[in-house]
Amino acid sequence: EDSEARIACQTCGRKFAMDRIGKHQAICHKIASKAPRKEFQVQRTYNEGGSGGAVVGVAASPKGKGRGRGRMNMDAGLANRPNPAPVKSNWRAQSEAFRAAIQ
């Protein structure tokens, strides 16, 4: 009996209950009549001292990496740096000495 009481929206065709169709159609029509959003600028130039200064660098999102927010292209920055020498540590010997001192 609920399926008979549902009415299709004139804009999107989705079906709603009689008491909700008016509210939905008002919002649906408003959204459908909006202009499409402009495309996000993927590449940005960074200028020294603001927009009038010389171009310092260009930042672009990595291709094929998805649309994750807050992700940075870490591989590009690390590829230009030499690998640092591994730091020698004697944590295992210190741990054994500490355990021996406790007993």
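C28 counts as buried in this predicted model, with a relative accessibility of 13%. Buried here means under 20% relative accessible area, so C28 falls on the buried side of that cut-off. You can find C28 among the buried residues of helix α1, together with I21 and H24. Why do these three belong together? They cover an arc of only 65° around the axis, which puts them on the same side of α1.

What do the buried residues of α1 pack against? Their partners are two strands, β1 (7–8) and β2 (15–16). If you leave aside its neighbours within four places in sequence, H24 is in contact with C9, C12, R14 and F16.

A disulfide is a covalent bond between the sulfur atoms of two cysteines. How many disulfides does the model have? With a pair of sulfur atoms required to be within 2.5 Å, the count comes to zero. Take C9, which counts as buried at 5% relative accessibility. The closest cysteine sulfur to that of C9 is in C12, and at 3.7 Å it is too far for a bond. C28, where we started, is in no disulfide either; its nearest cysteine sulfur, that of C12, is 3.8 Å away.

Now step back and look at the whole chain. The protein chain has three helices and four strands, and along the sequence they follow the pattern β-β-α-β-β-α-α. Buried residues such as C28 make up 5% of the 103 residues in the protein chain. Among contacts with a separation of 6 or more, those between residues 24 or more positions apart account for 0%. Finally, the accessible surface of the protein chain comes to about 10,300 Å², and 52% of that surface belongs to carbon and sulfur atoms.

Key. Residues numbered from 1 in each chain as written. Predicted model: local features only at pLDDT ≥ 70, side-chain atom pairs only at ≥ 80, totals over all residues. Heavy atoms only, no water. Buried < 20%, exposed > 50% of the residue type's maximum accessible area, 1.4 Å probe, protein only. Arc of directions from axis to C-beta. Contact = heavy atoms within 4.5 Å. Areas by Shrake-Rupley, 256 points an atom, 1.4 Å probe, with all protein chains shown as cover.
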